[in-house]
Amino acid sequence: MKYILVIGDGMADNPLEALGGKTPLEYANIPVIDSLAAKGRVGSVQTIPDGQPAGSDTAFLTIFGCDPRVYNKGRAPLEAAASGIAVAPGSAAYRCNMVALEDADVSFAEKRVLSHSGGEVEGDESLALVDALFADPRFKQLADEAGLTIYPSPGFRHITVQTGADLDGFRAFPPHDHLGEIIGPILPQGNAAADALRRLMELAHEILDKHPVNEARRAAGKLPANGIWFWAEGTAVALPQFADTFGKSGGVISAVPLCHGIAALTGLLPIKVEGATGKLHTNYEGKVEAAVKSLQENGDFVLVHIEAPDECTHNGDLEGKLQAIEWIDSRVTAYLLKCLEQAGLDEYRMLIMSDHKTLMATRGHDGEPVPYLLYDSRAAGNSGQVYNEASGASGAYLADGTQLLNLLFSDER
């Protein structure tokens, strides 16, 4: 028996006037997923416990059976683990996003954040901008004084580790939850560590704003990656082993460091796929092929994570969100069923879900329950259900999301 978890990140949403009062899941054409729903069962699950921040770090810990009220020490240490970056006791890690700040003749604190991803900056451009920061002696001196190191990646997400960091009273804010807002009230705050990070962020904007990379981006009609944003602070964390919790082994396929970090910390195999970007245009088929190969070689469980619906929502791209959902149906689910059949893997249980809601109305995350679909290839029924938020709400409700994978691994048909 094989066990497959497919997560369309942030694809659950609320009804939208632009879609005639339907949610994107209700509006999108997803015949394959709906056919599985008709033969399986649909319910809803609380992946964000009360009092916890609505985000993928909280949701993924919950799904993996790790109560975030116990194990969520911050997102950044989880992402650091994906890159083999150790966060020693007494140190803190932060996510360091490249962001786009508005081109306006106002002070730094009066500017608005326009993009949490620096206009989707990536590759050599992103790396060159980080290099430019540390080539400036003013920035390097401030970073050294703060005990801060930035570990660059070829995307908009970088990891920062700060030695001797004090997070008592510290507050930072996810940039994707505050798009279009003036940044002064949402800059890091609360203690001396926050003061140091704010100074670095202001100096970074001064250095990056007129950098040749950003001037070229403006000339090409793109947003500049003219700022950095520290958030997702956290300290070292140890997670329960997946094999101890569920008695299974396997792999995790994603383009997002968070997912690979949780995989590494729980003893699963992080699997990278060439051409997987975490954006709308990604290697969907490559992820499916890697998933089937993992089921053949790495154990009985595999997670296929698709980030695109979440990214499109943060970018205010409704058309993109709908396309991402439809491609999860046609290029992930349909292709996965075909590949499983070709590989002779005809006995499997599949769980399809959104990790959390991401709302087009706010371009941010929401902590309400999300729908899940459970299908067993051995016991095709005729429930007549479809997969969306309303169907989930009318089905079985699981209040404790840490128990969700027990449904997947159950022998119940």
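User: How many bridges join strand β2 to strand β14?

Analyst: This is a predicted model, in which local features need pLDDT of at least 70, side-chain atom pairs count only at pLDDT 80 or more, and totals for chains, interfaces and linings use all residues. Residues are numbered from 1 along each chain as its sequence is written, and side-chain values use heavy atoms, without hydrogens and water. Strands are DSSP runs of E, at least two residues, and helices are runs of H or I, at least four, numbered from the N terminus. β2 (residues 41–45) and β14 (residues 370–376) run antiparallel, and the bridges joining them number five.

User: Which strands stand at the edges of the open sheet of eight strands?

Analyst: Two strands pair if DSSP finds at least two bridges between them. The order is β9-β8-β10-β1-β11-β14-β2-β15, with mixed pairing. Each edge strand has a single partner, so one side of it is left without a neighbour in the sheet; these strands are β9 (269–271) and β15 (397–398).

User: At roughly what angle do the axes of helix α5 and helix α11 cross?

Analyst: Axes are lines fitted to C-alpha atoms, for helices over the stretch in contact (heavy atoms within 4.5 Å), and angles run from 0 to 180 degrees between N-to-C directions. The axes of α5 (residues 75–82) and α11 (residues 257–266) come within 6 Å and cross at roughly 75 degrees.

User: How many residues of α11 are buried?

Analyst: Buried means under 20% relative accessible area (1.4 Å probe, protein chains only). The buried residues are L258, C259, H260, G261, I262, A263 and T266. α11 is mostly covered, and of its 10 residues the buried ones number seven.

Technical notes: Buried means under 20% relative accessible area, exposed over 50%, partly exposed in between (1.4 Å probe, protein chains only).
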